[in-house]
Amino acid sequence: MGVRRLDFMCVGFAKSGTTTLYHVLSQHPQIYLSKIKEPVFWNDETALQRGKLWYLSRYYKEALSSQITGEINPQITNLGMHELIIKKVLKKNGKIVFIMRNPIERLYSHFFMDLLWGSFHKIHSDDELVNYDRIFDKFVDQAFEKFCTGIGDDVYKIDEFAFGNYVYYLDVYSKLFGKENVFVLIFEEFIQNIQSSCRELFDFLNIDKDVNLDFQIKSNEGNYLPRNIMCMMVNGTWNDKVWPFICRNFDINQKIDLFMDRKLNWGMRSNKILLKPTSRKKMSFRTRKHLESIFAPEIQKVEEFLGYSLKGIWYRIPDSREVK
């Protein structure tokens, strides 16, 4: 009969280690993940209209009856309105997994990714691209102004901030599936000891935790930037227009999806003609302090949800080498 519903979904958060988690979990003999980490479904109206059965038959028809099925897709938390659709796709007691990172570091990493992919549209010259840290400062200053004028929730309407709206999604999914069915990994602990973190997750998923897997995987470690503003515009056109057009109009099967995603799409995004290696600049002390003010209430609420302190994990002692 095939898979009727999924057992679990990891729905967030972007730039928090979900790719590494995907590569580790996909090795487990008792887990079947979609061959594509982020299937073209949740963010495509045409695919959504085809419904749950189309989605499950496309991405999970090779799953064995002895395996639990799941998807890892951090894009879901920024798409809104799909929580109820996910409830239809998951089993009655389906599990929700989050992996969360210090929101300040997550935001800076997200900003850097948007530069790489040409999705940050506030840079208009080679000089601004080279001095992207100043652009980030201005970007944060604008959000900080909103926060200080009492409309702090508005910062989560900014795309890069929206992906880190942890408390909102913890609340939404806990109400939908029950807090006992929500599991949170902390990125900093996960990267420090992937094996230990995954064993806890396997316990939560009720599968064998004593399996021989490669836990030395680390994904998306390279730091690259577009070579110039023209290369950035090419990347932006690919990501914003060309790739979505291909996904909508050349829909054949999962094998073609897999080839296009791993070869064509990622080949384009990692094209060394358009990109150059770089070392990531340190965030300025002033900007970090602004972000600490913005995220302090969020971190406190996350601690309340988890039932323990994140001091020493997300609380940070300023680096004396940073620019003040």
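Biologist: Which residue just after α10 takes a positive phi?

Modeller: This is a predicted model, where local features need pLDDT of at least 70, side-chain atom pairs count only at pLDDT 80 or more, and totals for chains, interfaces and linings use all residues. Residues are numbered from 1 along each chain as its sequence is written, and side-chain values use heavy atoms, leaving out hydrogens and water. Helices (H or I, at least four residues) and strands (E, at least two) are DSSP runs, numbered from the N terminus. Just after α10, a positive phi of about 60° is taken by Asn 206.

Biologist: Within what arc do the buried residues of α10 fall, seen down its axis?

Modeller: Buried means under 20% relative accessible area, exposed over 50%, and partly exposed in between (1.4 Å probe, protein chains only). In α10 (residues 194-204), the buried residues are Ile 194, Ser 197, Cys 198, Leu 201, Phe 202 and Phe 204. They line one face of the helix, because the directions from the axis to their C-beta atoms fall within an arc of 150°.

Biologist: At what angle does α10 run to β5?

Modeller: The buried residues of α10 pack against α1, β2, β4, β5 and α9, with contact meaning heavy atoms within 4.5 Å. Axes are lines fitted to C-alpha atoms, for helices over the stretch in contact, and angles run from 0 to 180 degrees between N-to-C directions. α10 lies across β2, β4 and β5, and its angle to β5 is about 180°.

Biologist: Which strands stand at the edges of the sheet?

Modeller: Strands pair if DSSP finds at least two bridges between them. The open sheet has five strands, paired in parallel in the order β2-β3-β1-β4-β5. Each edge strand has a single partner, so one side is left without a neighbour in the sheet; these strands are β2 and β5.

Biologist: What is the bridge partner of Cys 10 in β4?

Modeller: Strand β1 covers residues 6-12 and pairs with β4 in the parallel sense over five bridges. In β4, the partner of Cys 10 is Val 97.

Biologist: How many residues are in the largest nonpolar core?

Modeller: A nonpolar core is a set of buried Ala, Val, Leu, Ile, Met, Phe, Trp, Tyr and Cys residues joined through side-chain atoms within 4.5 Å. Met 9, Tyr 55, Phe 98, Phe 161, Tyr 173 and Leu 291 touch the most other members of the largest one, and its residues number 66.

Biologist: Is Ser 109 buried or exposed?

Modeller: Ser 109 is found in helix α4 (residues 103-117). Not counting residues up to four places away in sequence, Ser 109 touches Lys 15, Arg 101 and Arg 280. Because its relative accessibility is 6%, Ser 109 counts as buried.
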